[in-house]
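The sequence and the model are shown first, and the description follows.

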Amino acid sequence: MMGWNFMGSAPRPTRFEEQYHCYSAAYADKSHLEQGDKILLPPSAFDILARLQVDYPMLFNLQSEDKGTMTHCGVLEFTAEEGSCVIPFWMMQNLLIEEGSLLTVTNVSLPKANYVKFQAQHVDFLEISNPRAVLEHALRNFSCITKGDVICVPYNSKNYHFEIKEVRPQDAACIIETDCNVDFDAPVGYKEPNSEASSGMGSSANSALANLPKQSAYAPPEQRSSACPSPTGAKKDGDRGGTKIVDGKIIRADEKDIKPPEHLASQTGATGVQPNAAIPIQSPTIDYWALSAGDGARLDGKTPTSLKDKTGAEVDLRKIRAEAAARRAAEQAKSISLPTVGKTIKGEEVKVETPMNGEGGPPVRKNKSRVGGKFSKLKSSGAAFQGGSNQF
C-alpha cells in the first residue's frame, strides 16, 4: 500500500502577511477609531485569517518599510475597501507615514502586560484630579501597547498625549483582561520646586529659634518672651470661637456665637465650602420651617406631625405665614414708593402732590369717563338697554 496518510491532515499555516495602502480614520469618515488602537481591514483578510490557525484576540504588527517604523494594533472590523486599511491618525504619526502609504500587516501573538510606565507630553495633565482613573478608562479601547509609541487620550474636550516609556515583560504586550501595574513619569516641561530656597528658609528659621532663651511653656504670660512661640497664643481676629479648653476646663460656645465659615456654599454642589458635620452652623429658627414646610398629606397616609417650638408648644402656621406676607408687602411697597419732591428746569425744588385713595393705593382719577357721564342712568339701573322690548 502506498504511504498515504488518510487519517491525518497537514497542519494549517499560522502566518498572515499582507501589504495595504493605509488611510486615516478621518479620511474614511471613521472618527471613532481615534479613541483606541483598532484598525479596519478588507473582507479578503478575514477570509485568509479564517483558514489560518491564529491566536485570539487577533493582534497585528504594522510596519513601514520606507520609514523603518513599527507598531502593534488590534482589528475592529473587516469592512475596509480591498487593498486598503484604515488606522487612527495618531498611529500614522507614530509611523511617520502619510495618506496612501504602503503598510505591511502581519499577525502576531503577544504576552500579557504586567507593568507599563507613561509620560505625559504636557504639564496640563497635572490639572486632572484623578489621572490614573482617566488613563485606565481610556485604555479599555486598546488591545496592545508598544514601547516608544505616543497614544492620544481624549478627555473633557481636550486631547492628552502620553509616551509609553516602558513595557514589561517585553517591548510590546497585550492589555486585554490583564492585571497591569501603571506608573507615571514626570510630564515633559515639569520642574521640581526649588528645594534650595525651602532649605534656606528652614535653616534660617531654625537658627533664629536656636538663639532664643530657654523658658518653660507653663510659665506665666508676663514671664514669657514675645519672640518665643507659645502654645497658648493670643486669639486671632479670624478666630470664630467654638469648644475650647482653658486652664483644664472645657468651655463650650453659645449657639449665638456660632458663625458659618466664609465662602460657605449656598447649596450642595455650589461654589464654596461644602457644609458638613464638622462645620458649626446655627440651626434655622422655627419661622424657617413654618414658611418652608408644605400642607400636603404624607405619602404613607399618616397624619402629618404638627410643628412645635423649643418649649414643645404647637406653632400657629397661619399666623407666622400671615406675618411673613405682611413683611413682604411692606418691603415691596417701600421699594416702589414714588418720590415726593422734584426739581424744575431752573433747579427749584417743588413738592409733588399725588392724591391717593383712602387705602393708600394708586391715585384716584378725578375726571369721569364717557360711559360714567352720559350713560350713568343706564349703568346704575343694572340693565344694558331700557327700550320698549324690556316691558314685554
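Two strands are taken to pair if DSSP finds at least two bridges between them. The structure described here is a predicted model.

**The sheet and its helix**

Under that criterion, β9, β10, β7 and β12 form, in that order, an open sheet of four strands with mixed pairing. Its edges are formed by β9 (150–155) and β12 (181–185), each of which pairs on one side only. From one strand to the next, the twist averages 35 degrees.

The pairing between β9 and β10 (residues 158–168) is antiparallel and comprises six bridges. Within this part of the sheet, I151 is found opposite F162 in β10. Helix α3 (residues 131–138) packs on the sheet, where it touches β7 (115–120), β9, β10 and β12. The direction of helix α3 makes about 120 degrees with that of β12.

**Salt bridges**

The whole structure contains four salt bridges. Three of them, including one within the surroundings of K38, are set out below with their N to O distances.

| Residue | Partner | N to O distance |
|---|---|---|
| K38 | D37 | 3.9 Å |
| D124 | K158 | 2.8 Å |
| E166 | R168 | 2.9 Å |

In the salt bridge of E166 with R168, E166 is partly exposed because its relative accessibility is 24%. R168 is likewise partly exposed, with a relative accessible area of 40%. In the remaining pair of the table, both K38 and D37 are buried.

**The surroundings of K38**

Which strand holds K38? This residue lies in strand β2 (residues 38–40). Besides its salt bridge with D37, the side chain of K38 has a polar atom 3.1 Å from the backbone oxygen of N141. A polar contact, also of 3.1 Å, links the side chains of K38 and S143.

When neighbours within four places in sequence are left aside, the residues in contact with K38 are L33, G74, V75, L76, P88, N141, F142 and S143.

Key
Residues are numbered from 1 along each chain as its sequence is written. This is a predicted model: local features need pLDDT of at least 70, side-chain atom pairs count only at pLDDT 80 or more; totals for chains, interfaces and linings use all residues. Side-chain values use heavy atoms; hydrogens and water are left out. Helices (H or I, at least four residues) and strands (E, at least two) are DSSP runs, numbered from the N terminus. Axes are lines fitted to C-alpha atoms, for helices over the stretch in contact, and angles run from 0 to 180 degrees between N-to-C directions. Contact means heavy atoms within 4.5 Å. A salt bridge is a side-chain nitrogen of Lys or Arg within 4 Å of a carboxyl oxygen of Asp or Glu. Buried means under 20% relative accessible area, exposed over 50%, partly exposed in between (1.4 Å probe, protein chains only). A polar contact is a pair of N or O atoms within 3.5 Å; within protein, one must be able to donate a hydrogen and the other to accept it, and residues adjacent in sequence count only if both atoms are side-chain atoms.
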